[in-house]
Amino acid sequence: MELSSVQFQQPNNKRTTERAMLVFRDIPSLEPSQSGFAREQQWRKRWLTGGAPSDGGGGFACVSMAGKREEREFAPTTAQLLKHPLAMAAMVPRDAALFAAGAIAGAAAKTVTAPLDRIKLLMQTHGIRAGQESAKKAIGFIEAFALIGKQEGIKGYWKGNLPQVIRIIPYSAVQLFAYETYKKLFRGKDGELSVIGRLAAGACAGMTSTFVTYPLDVLRLRLAVEPGYKTMSEVALNMLKEEGVASFYNGLGPSLIGIAPYIAVNFCIFDLMKKSLPEKYQKRTETSLLTALVSATLSTLMCYPLDTVRRQMQMKGTPYKTVLDAFPGIVARDGVIGLYRGFVPNALKTLPNSSIKLTTFDAVKYLIAAGEKEFLRIVEENRKKEKQSSSDSTE
């Protein structure tokens, strides 16, 4: 008797679920006794209908996980793996593959778009930094670009990128992994994930990743916009000495409030748009890029003001203590447009960032699925060969 794991495809290709299946198999060259036959019927009744053996007596059965056993017993050889390298993807733990994909994609995207991020931060915080109270007017994109180049040279455009890369590795990995985990948590009783469930999963994933990596974000901002600092450790020690541990979480409230709807809308639109497309288009890379671009654009337009509030609250010497102080304060000083200071460089930075991250994540998921399918195909092929070889030797 074997307990096997079987996959069932639900109607409309919505999703695949796993169920256990009990299988009774005859053992060759073994004639069951009459009592043994009766016991087998009792086991069938007990397992399949929930009944119990009528005589209350004991019995013997062997329960094994056939799928895992067969995978080990008939695993691809080195030669087969070299011939079918896609099957190697199945040998990498899924969580490790997703973590690596998120980390590499996030780090690459942040490095490429670092100059735009630096310009955006300078535009958002101009006039708020300590010692610059006289600089009251906003600074434009071209002006900010020229100012960085004049004061710090080419390297200035990548100032603060190292802590950003260090932050984005765990941030992207935690965010994407948490999103997949929360989606399972918010599934309904029918196993389907509603729009509300997707939004909730995205919001929770965004808040989880933000909370875990927030101190690194504060350090990156201080290093990028405050003069005199050379390293991240220097910024951290100075913050601890002058402002205390709490300074590492300045602006956490608006950050959580801002990231929750952003990630919720971004991931939800991305998933729903991909699902609504014909199946032949869903796995194309260009489809993922376009879908990610649209979802990132809509979510950025909706949530950017909260990002501006967060940045100004993170600054040393900021006049804003709460979100309720910051919103009217920024509007009174710069008008409603002040809430969108730095929006253009942020959009130029965020859209490729989000597109690269979501597209890479999607591609890795498809690669893992294809690798697992190829691996199981080879296992099944090896199993059939072994069975055929056994049959030939018996004859």
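# Briefing: burial, cores and salt bridges

Cys 204 has a relative accessibility of 22% and therefore counts as partly exposed, since the buried class requires a value under 20%. Another cysteine, Cys 303, counts as buried, with a relative accessibility of 7%. The model in which these values were computed is a predicted one, and a search through the whole of it finds zero disulfides. The points below begin with the overall build of the protein and then turn to its cores, its surface and its charged pairs.

**Overall build**

- The protein contains 14 helices, together with two strands.
- The chain has 395 residues, and 42% of them count as buried.
- When contacts between residues at least 6 apart in sequence are considered, 70% of them join residues that are at least 24 apart.
- The accessible surface amounts to about 21700 Å², and carbon and sulfur atoms account for 63% of this area.

**Nonpolar cores**

- In soluble globular proteins, nonpolar side chains tend to be buried together.
- In this model the largest nonpolar core has 23 residues, and Phe 267 and Val 364 are the ones with the most contacts inside it.
- Several helices each supply at least two residues of this core, namely H4 (94-112), H7 (161-185), H8 (195-225), H10 (252-276), H12 and H14 (343-394), with H7 giving the largest share, six residues.
- A second, separate core consists of 10 residues, including Tyr 214, Val 218, Leu 223 and Phe 248.
- If neighbours within four places in sequence are left aside, Val 364 is in contact with Ala 97, Leu 98 and Ala 101.
- Ile 368 lies in helix H14 and is buried, with a relative accessible area of 5%; leaving aside its neighbours within four places in sequence, Ile 368 is in contact with Arg 94, Ala 97 and Leu 98.
- Although Ile 368 and Ala 87 are 281 residues apart along the chain, their C-alpha atoms are separated by 8.9 Å.

**Nonpolar surface patch**

- Met 273, Leu 290, Leu 293, Val 294 and Leu 298 make a nonpolar surface patch of about 380 Å², and helix H12 (residues 285-314) contributes its largest share, four residues.
- Leu 298, which has its place in helix H12, is partly exposed, with a relative accessible area of 39%.

**Salt bridges**

- Side chains of opposite charge can pair when their charged atoms come close.
- The structure holds 19 salt bridges, and one network of them links Asp 117, Lys 120, Asp 217, Asp 307, Arg 310 and Arg 311.
- Asp 307, with a relative accessibility of 13%, counts as buried.
- Another salt bridge joins the side chains of Lys 183 and Asp 271, at 3.6 Å from N to O. This pair, too, links distant parts of the chain, with Lys 183 in helix H7 and Asp 271 in helix H10, 88 residues apart, and both residues are buried.

Technical notes. Residues are numbered from 1 along each chain as its sequence is written. This is a predicted model: local features need pLDDT of at least 70, side-chain atom pairs count only at pLDDT 80 or more; totals for chains, interfaces and linings use all residues. Side-chain values use heavy atoms; hydrogens and water are left out. Buried means under 20% relative accessible area, exposed over 50%, partly exposed in between (1.4 Å probe, protein chains only). Contact means heavy atoms within 4.5 Å. Accessible areas come from the Shrake-Rupley method with a 1.4 Å probe; for residues, only the protein chains shown count as cover. Patches are made of residues with over 30% relative accessible area and no salt bridge: like charges are joined within 9 Å, nonpolar side chains (Val, Leu, Ile, Met, Phe, Trp, Tyr) within 5 Å. A salt bridge is a side-chain nitrogen of Lys or Arg within 4 Å of a carboxyl oxygen of Asp or Glu. A nonpolar core is a set of buried Ala, Val, Leu, Ile, Met, Phe, Trp, Tyr and Cys residues joined through side-chain atoms within 4.5 Å. A disulfide is a pair of cysteine sulfur atoms within 2.5 Å.
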